[in-house]
Amino acid sequence: MRKRILITGASAGLGEEMARQFGALGRDLALCARRVERLEALRGEVTSAHSGVTVAVRGLDVTDHDAVFRVFRELRDELGGLDRIIVNAGLGKGQPLGTGYFAANRQTAEVNFVAALAQCEAAMEIFREQGAGHLVVISSMSAMRGLPRNLTTYAASKAGVAALAEGIRADTLGTDIRVTTIFPGYIRSEMNARVRKTPLLVDTKPGVASMVKAIERERAEAYTPAWPWAPLRFAMRHLPLGWVAKLS
């Protein structure tokens, strides 16, 4: 059992709900995000509901790469080690390329890929020192194909982080380090709270429950919720690009 779990981006959305659900499983938690007051409130909620669970919190902007390494080490020391690190912090900004919104697209790319690289580096340093651990990278079903409009940079960044995780997995074959890439479908979160007509959108709790179940299995890749996203991934990869663009 992975007893001590670090989650980035834990003050809202999927990360916040993962903390609740792993806390319900009796896991000790290390929670990072920019909004410390929300982390403190979440810590109070989890420890009140589940006696015996330890929750450590730290403020962290994942684009401050030096801070990522420092905070991960501090939390490792506070909990006496880390068994699983979930690279979850992400951003969903974006506009069609060439329309004057380079700053928003760059920010999405920096948070979703470069900051994820820093988190993976920091996690792998810890796991290599320990000789074991479970790295979990949260990608997206959007990573299956290049997508149009506001999703272009987001999809590219999530495809990049999935390839990063696969490379780490290839590098750690035959060791006690496991690497899992989660490809969530449309799960309600603060990132998409204003979206009203997205097909196949599921509520936060059941959507995250499917993610937690997949993470616990420690398979190389998981598409969540499994229905309908596991079969849809094949369609997304092989349908004509025009059809995929309409579906997105």
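This is a predicted model: local features need pLDDT of at least 70, side-chain atom pairs count only at pLDDT 80 or more; totals for chains, interfaces and linings use all residues.
A residue is called buried when its relative accessible area is under 20%. Good morning, colleagues.

Let me begin with the aromatic rings. A pair of aromatic rings is described by the distance of the centres and the angle of the planes. How many aromatic pairs does a search of the whole structure find? The search finds two. One is formed by Phe183 and Tyr223: the ring centres are 4.9 Å apart and the planes stand at 15 degrees, so this pair is stacked. Phe183 belongs to strand β6, residues 177-184, and Tyr223 to strand β7, residues 221-224, so the pair ties together parts that are 40 residues apart in sequence. Both Phe183 and Tyr223 are buried.

The other pair brings us back to Trp229, whose ring partner is Tyr186. Here the centres are 5.0 Å apart and the planes stand at 85 degrees, so the pair is edge-to-face. Tyr186 sits in the loop between β6 and α6, whereas Trp229 sits in helix α7, residues 226-238, so this pair ties together parts 43 residues apart in sequence. Tyr186 counts as partly exposed because its relative accessibility is 26%.

I turn now to the packing of helices. Two packed helices are described by the angle between their axes and the distance between the axes. Helix α4, residues 102-130, meets helix α3, residues 65-79; their axes come within 9 Å and cross at roughly 35 degrees. This crossing is right-handed. Among the residues of α3 in the contact are Val68, Phe69 and Phe72, and those of α4 include Ala115, Ala118 and Ile126. By class, the contact of α3 with α4 comprises nine nonpolar, three polar and five charged residues.

Helix α4 also packs with helix α5, residues 152-171, with the axes 8 Å apart and an angle of about 15 degrees. Are α4 and α5 roughly parallel or roughly antiparallel? They are roughly parallel, because angles under 35 degrees are classed that way. The crossing of α4 and α5 is right-handed. Phe113, Leu117 and Met124 are among the α4 residues in this contact, and Val161, Leu164 and Ile168 are among those of α5. The contact of α4 with α5 contains 10 nonpolar, six polar and three charged residues.

A word on Gly15, which is found in helix α1, residues 13-24. Gly15 is buried because its relative accessible area is 1%. Leaving aside residues up to four places away in sequence, Gly15 touches Ile7, Gly9, Ala10 and Asn88.

Finally, some details of the backbone. Most residues other than glycine have a negative phi, and most peptide bonds are trans. Which peptide bonds are cis here? One joins Thr224 and Pro225, with omega about -15 degrees, and another runs from Trp227 to Pro228, with omega near 10 degrees. Pro225 is placed in the loop between β7 and α7, and Pro228 in helix α7.

As for positive phi, Arg149 has a value near 55 degrees and lies in the loop between β5 and α5. Glu218 has a phi of about 60 degrees and is found in the loop between α6 and β7. Arg149, at 46% relative accessibility, is partly exposed, and Glu218, at 22%, is likewise partly exposed. Thank you for your attention.

Conventions:
Residues are numbered from 1 along each chain as its sequence is written. Side-chain values use heavy atoms; hydrogens and water are left out. Rings of Phe, Tyr and Trp (its six-membered ring) pair if their centres lie within 6.5 Å; planes under 30 degrees apart count as stacked, over 60 as edge-to-face and the rest as tilted. Helices (H or I, at least four residues) and strands (E, at least two) are DSSP runs, numbered from the N terminus. Buried means under 20% relative accessible area, exposed over 50%, partly exposed in between (1.4 Å probe, protein chains only). Axes are lines fitted to C-alpha atoms, for helices over the stretch in contact, and angles run from 0 to 180 degrees between N-to-C directions. A crossing is left-handed if the near helix is turned anticlockwise from the far one by less than a right angle, and right-handed if clockwise. Contact means heavy atoms within 4.5 Å. Ala, Val, Leu, Ile, Met, Phe, Trp, Tyr, Cys and Pro count as nonpolar, Asp, Glu, Lys and Arg as charged, and the others, Gly among them, as polar. Angles under 35 degrees count as roughly parallel, over 145 as roughly antiparallel, 65 to 115 as roughly perpendicular and the rest as oblique.
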